[in-house]
Amino acid sequence: MKWDTLDEEPCSLSRTVAVVGDRWTLLILRECFLRVRRFEAFQSSLQITRHLLSERLKKLVRFGILRRVPYSESPKRYEYILTQKGLDLYPIIMAMVHWGDTHMGDERGRPLLHEHKTCGKLFDPVMVCSECGEPLHAKQVHVHAGPGRREAVG
């Protein structure tokens, strides 16, 4: 596999990594879910160079994760808003946050707490089976080839 052709691989994880698999992109997405919208706010929060931030935002727009919405005409400036495709990354981001809280925390505790607006309770993200609602664990899942899998050559 080559890094610049991951988005062409017959593997859903490879295709996803091609879009969101570098640290700056993941941190930009974190900021988006924390409702950061403007270039200067991303740059200030992340301490990222303008060039690098610009490249990552363009990529996220190109892949349909973010959309650019003008908020000023003079000078021309844009906000970056998560599309539905971008919002669909929320479970991935929350799974990574939960892993970090569980395995990378220290004595100070979690840096952020998440409250479910519907019930008002603080929560931990849990992945469940879409069919029965039971929590999923790696040892309880069997993987089958799907229709999009490419047969091995050789």
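Predicted model: local features only at pLDDT ≥ 70, side-chain atom pairs only at ≥ 80, totals over all residues.
Tutor: A helix is a DSSP run of H or I with at least four residues, a strand is a run of E with at least two, and both are numbered from the N terminus. By that rule, the protein chain has 6 helices and 2 strands. Read along the sequence, the pattern is α-α-α-α-β-β-α-α.

Student: Why is threonine 25 called buried?

Tutor: Buried means under 20% relative accessible area, exposed means over 50%, and partly exposed is in between (1.4 Å probe, protein chains only). Threonine 25 has 0% relative accessibility, so it counts as buried. This residue sits in helix H2. Across the protein chain, buried residues make up 25% of the 154 residues.

Student: What does threonine 25 touch?

Tutor: Contact means heavy atoms within 4.5 Å. Leaving out residues up to four places away in sequence, threonine 25 touches Val19, Val20, Arg56 and Leu60. Val19 and Val20 are among the buried residues of H1, along with Ser14 and Ala18. Cover for the buried residues of H1 includes H2 and H4.

Student: Which other residues of H2 are buried?

Tutor: Besides Thr25, the buried residues of H2 are Leu26, Ile28, Leu29, Glu31, Cys32 and Phe33.

Student: What makes a group of residues a nonpolar core?

Tutor: Two conditions: the members are buried Ala, Val, Leu, Ile, Met, Phe, Trp, Tyr or Cys, and they are joined through side-chain atoms within 4.5 Å. The largest such core has 21 residues; Ile28, Leu29, Phe42 and Leu57 touch the most other members. Helix H1 (12–20), helix H2 (23–33), helix H3 (39–46), helix H4 (50–62) and strand S2 (76–82) each supply at least two residues. The largest share, 5 residues, comes from H2. In soluble globular proteins, nonpolar side chains tend to be buried together.

Student: Which residues does isoleucine 28 touch?

Tutor: Not counting residues up to four places away in sequence, isoleucine 28 touches Phe42, Leu46, Leu53, Arg56, Leu57 and Leu60.

Student: What happens at the start of H2?

Tutor: A side-chain oxygen of aspartate 22 comes within 3.0 Å of the backbone nitrogen of tryptophan 24. After H2 comes arginine 35, with a positive phi near 75°.

Student: How do you know that glutamate 31 forms a salt bridge with arginine 30?

Tutor: A salt bridge needs a side-chain nitrogen of Lys or Arg within 4 Å of a carboxyl oxygen of Asp or Glu. The closest N and O atoms of glutamate 31 and arginine 30 are 2.7 Å apart. That value meets the limit, so the pair qualifies. Glutamate 31 has 6% relative accessibility and therefore counts as buried. Arginine 30, at 34%, counts as partly exposed.

Student: Why is glutamate 73 called exposed?

Tutor: Its relative accessible area is 59%, so glutamate 73 is over the exposed limit. Glutamate 73 pairs with lysine 76 in a salt bridge, the closest N and O atoms being 3.3 Å apart. Lysine 76 has a relative accessible area of 45%, so it is partly exposed.

Student: What about aspartate 106 and arginine 108?

Tutor: Their side chains meet in a salt bridge at 2.6 Å, N to O. Arginine 108 is at 72% and so counts as exposed. Aspartate 106 is at 34% and so is partly exposed. The structure holds 9 salt bridges. Asp22, Glu55 and Arg56 are linked in a network of them.

How values were computed: Residues numbered from 1 in each chain as written. Heavy atoms only, no water. Polar contact = N/O pair within 3.5 Å; in protein donor to acceptor, adjacent residues only side chain to side chain.
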